[in-house]
Amino acid sequence: MNKQISTILKSVSKPGRYSGGEYGQIIKDKSKVKARFAFCFPDTYEIGMSNLGVRILYGVLNKEEDVWCERVYDPWIDMQEKMREHGLPLCACESGDPISEFDMIGFTLQYEMSYTNVLNMLELAGLPLYAKDRDDSMPIIIGGGPCAYNAEPVADFFDLFNIGEGEEMLPELCRLYIKMKDEGRYTKQAYLHEAARTIEGIYVPSFYDVTYNDDGTINAYTPIYDDIPKQVKKRIMTDMDKAYFPDKVVMPYIETVHDRVMLEVYRGCIRGCRFCQAGMIYRPVREKTPEVLNEQAKCLYQATGYDEISLTSLSISDYTQLEELTDMLLEWTNDNMVSLSLPSLRVDSFTKELMDKIATVRSSSLTFAPEAGTQRLRDVINKNVKEDDLLRAVNVAFEAGKNTVKLYFMSGLPTETYEDLKGIADLASHVIDAYYQCPTRNKGKKPQVTISVSCFIPKPFTPFQWEAQDTMEMLAEKQEYLGSQITDRKIRYTHHDARVSRIEAVLARGDRRLAPALALACKEGFAFDAWDECFDYDKWLSVLERCGIDPAFYANRAFGLDEVLPWDIIDCGVSKEFFLRERAKAYGERTTPNCREQCSGCGANKMGGERTCCPKAKN
Amino acid sequence: MLPESQKLIEKKRLKSLPELERPLTVRLKFRKIGSLQYISHLDLQRTFNRVIVRACLPVWYTKGFNPHAKLVFSTPLSVGAQSVCEYLDIRIDREMSCEEIKERLNGELTNELFITDAYIPKNDFSEIAWASYDMEIYTDGADDEMAKNAQALLTSSPLMLVKRTKSGEKEVDIIPMISSVSVSFDDERQTLKIKCVLSASSTEYLNPEMLITALKQNLGVMSGDPALEWYTIMRTDLMKKDMSEFK
């Protein structure tokens, strides 16, 4: 290790995040690779190292012999100060080389509040922020992940985006790059054009001109070439059993957020909650078979030595073969002192049998997400959970001796009234009552119900994408009202910072005109806006104002149903007609059956897929 | 696409190894150098827990509510210091040679965290009294004169420094905790080199970093351009009270 970095590391917090040298990292001979790829996670090491998508794509890229993919994370504030003081640029974990020397830099965009970190990292790397200012000698900057479905606010900073699942797209991009370099016909412009033309799922924002109407809404997106798609269609892996699976994992020495085996059971979600973006953009549902999962779990256990396996997916209890899978796993996990955990459990599926199998029960607290306080509002959002389901689920927990329950709700949902907010408090009281009515409860302990209330954020590609977010005043009043309805000290009430949610709404539904504001934010040192201690609302308002941007235009305005949306340039597989139908049903307080009960014709079956629940999935 | 879960099968094979009458303690001597110097003691413990699983060692698990492998480490090393003489005791409940244990572990480790020896221990960790260190400092103004001054500083009592303890901060004289020290100037590398033996018992422990602090405070060492100056600390040996080898 470089002596200079070595000395810096003696003076920063948690130096283990920067020292590298992990077991399982992939080292290649620089002189033998043709494309060097810096995979950036725009947040801290601890968060980035826990991301399953990064693990998969790191493996996928390094499978290509002449490609070397390395990891990069955003250094914490104290480290950034030291780097600036010493004139050190942002470097990759494996080689310690500056990422500005790489061929390609990929950013995974997991949440909107990490956008400032993306720019912060480009700046630390010493690269120009705007794509148009980077010449042929500089790396190609690629974006992907859920926020790429509407990455318009950061579109001017990226050369291209991957829309959808990247397991095939990223290697294809590298192969094309190497081919054009080998043939001596590489220029950035030629490369981007060829990628947009020949690789499905590639969106090159600079190839689409955007015009605006007088009222500030979008008039049209026009491709500048005839041979590129008018709308970019997302890519998916059709057969999850055959999708690349990382059998080797880079093992962090320091503690990370998810320090456990993460076993991806299926992609997509059958539920269709109307506020949920993940439930829409990852459609169609594609399952892995229990046999494959069991083998993969064994393999990961041996490759990592973790003592916990977490079954991950959007709603694990909706996996059709959960029973078979958990039985197979328990056959060997118990003997090896490995515990299972099942996050994302729905109340309507929480049974004693299931609880007995999992480790979540070892911790004293259980978490459920009813999302809304009354049946009416739960029908509006299509949560399809009844109060009885919740009470039955908490009873199972109480009977087993648990005494604490955590409940997640959202405030500011479309059509919400104060009656619905009161419903949240009532529901919490009913859970307390249920505790005292449970004959086999843990009599020595008092019940504790925590209700955590976040703010509704209208997200692209959901039936609620057109909705206006409540104003700050409305959200604050609602939070206060709910607080006043809770008198029982056995109920703990916490709520999200509405100011963060508002900025998130601006970025989520923003368009390209936000770019100057983000560039200014970067110039003024914004970073780690997803962290409470770093987020500064007043500074955000100031930056937006100086760039002539009214946050209410993006957050608090109901978008017109016939308006051209910034994300209309992307085809996420689910049709706009479906979102409109779902929106109408929401206002009619009518629910939609889940995909397994009945197909509601969202259009995702056109994407194909093995082991989907879509009746007409094309193969 | 699916690699056969070879090692899990091997795990089953472990069950065919003869059981020991009572758990046997095996001592591992390992080095912790390079990037690994920034890994804290707690993180090192967790790392070894996983490494032992990966290596398929027949470790003995505690029989309690939350079974875990019993790992006992020798004198902790502070973050930012390297070492070639760290020790870890593990307990096994089935027969396996020390050599095989070492090989298996090293298959799951890197060059910077590496087992150099495995054996049945002779001494108890509580017998550790001294640790020797090699340090190197690259600083503005390093010369023979500075080395002489440093030598004088580190050998004349009292040398009062603020020491952080569990009960708060207090000023202590560190000289009694220095058994021997020699400072020299390396003309070729333009660095100060310090060889020293410091207290390392559980009741009296002198962090080698304190010597650097003393030089900074009293001789203005490392007060130049932070982008150029650096220092390294390497623990080279652990010894018993009479300076004999710890085994």
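Start with Cys196(B) in strand E9(B): Tyr133(B) stands opposite this residue, and Val181(B) stands opposite Cys196(B) too. This is a predicted model, so take what follows as a tour of that prediction.

**Strands around E9(B)**

- Strand E5 of chain B covers residues 128-138, and strand E9 covers residues 191-199; the two pair in the antiparallel sense over eight bridges.
- Strand E8 of chain B, residues 178-186, is also joined to E9(B) by eight bridges, and these two run antiparallel.
- E8(B) and E9(B) form a hairpin with four residues between the strands. Look for Gln190(B) there, as it takes a positive phi near 55 degrees.
- As a bit of background, side chains in a regular strand alternate between the two faces of the sheet.

**The two domains of chain B**

- Chain B splits into domain 1, spanning 6-121, and domain 2, spanning 127-240.
- Where they touch, domain 1 of chain B puts in ten residues and domain 2 of chain B puts in twelve.
- On the domain 1 side of that contact in chain B, you'll find six polar residues, four nonpolar ones and no charged ones.

**Where chain B meets chain A**

- On the chain B side, 32 residues are in contact with 31 residues of chain A.
- Three elements of chain B give two or more residues to this side: helix H1 (6-14), helix H2 (41-54) and strand E10 (230-240).
- H2(B) supplies the largest share, with seven residues.
- Sorted by class, the chain B side has 17 nonpolar, seven polar and eight charged residues.

**A helix pair in chain A**

- Two packed helices are described by the angle between their axes and the distance between the axes.
- Over in chain A, helix H17 (residues 515-523) packs against helix H18 (residues 537-546) at an angle of about 130 degrees, with the axes 9 Å apart.
- H17(A) and H18(A) are therefore oblique to each other, and their crossing is right-handed.
- H17(A) makes the contact through Ala517(A), Leu520(A) and Ala521(A), while H18(A) uses Val543(A), Leu544(A) and Arg546(A).
- By class, that contact between H17(A) and H18(A) comes to five nonpolar residues, one charged residue and no polar ones.

Conventions. Residues numbered from 1 in each chain as written. Chains lettered and ligands numbered in written order. Predicted model: local features only at pLDDT ≥ 70, side-chain atom pairs only at ≥ 80, totals over all residues. Axes fitted to C-alpha atoms, helices over the stretch in contact; angles between N-to-C directions. Parallel < 35°, antiparallel > 145°, perpendicular 65-115°, else oblique. Left-handed = near helix turned anticlockwise from the far one by under 90°. Contact = placed C-beta atoms within 7 Å. Nonpolar A, V, L, I, M, F, W, Y, C, P; charged D, E, K, R; others polar. Domains from an automatic or database assignment. Pairing = 2+ DSSP bridges.
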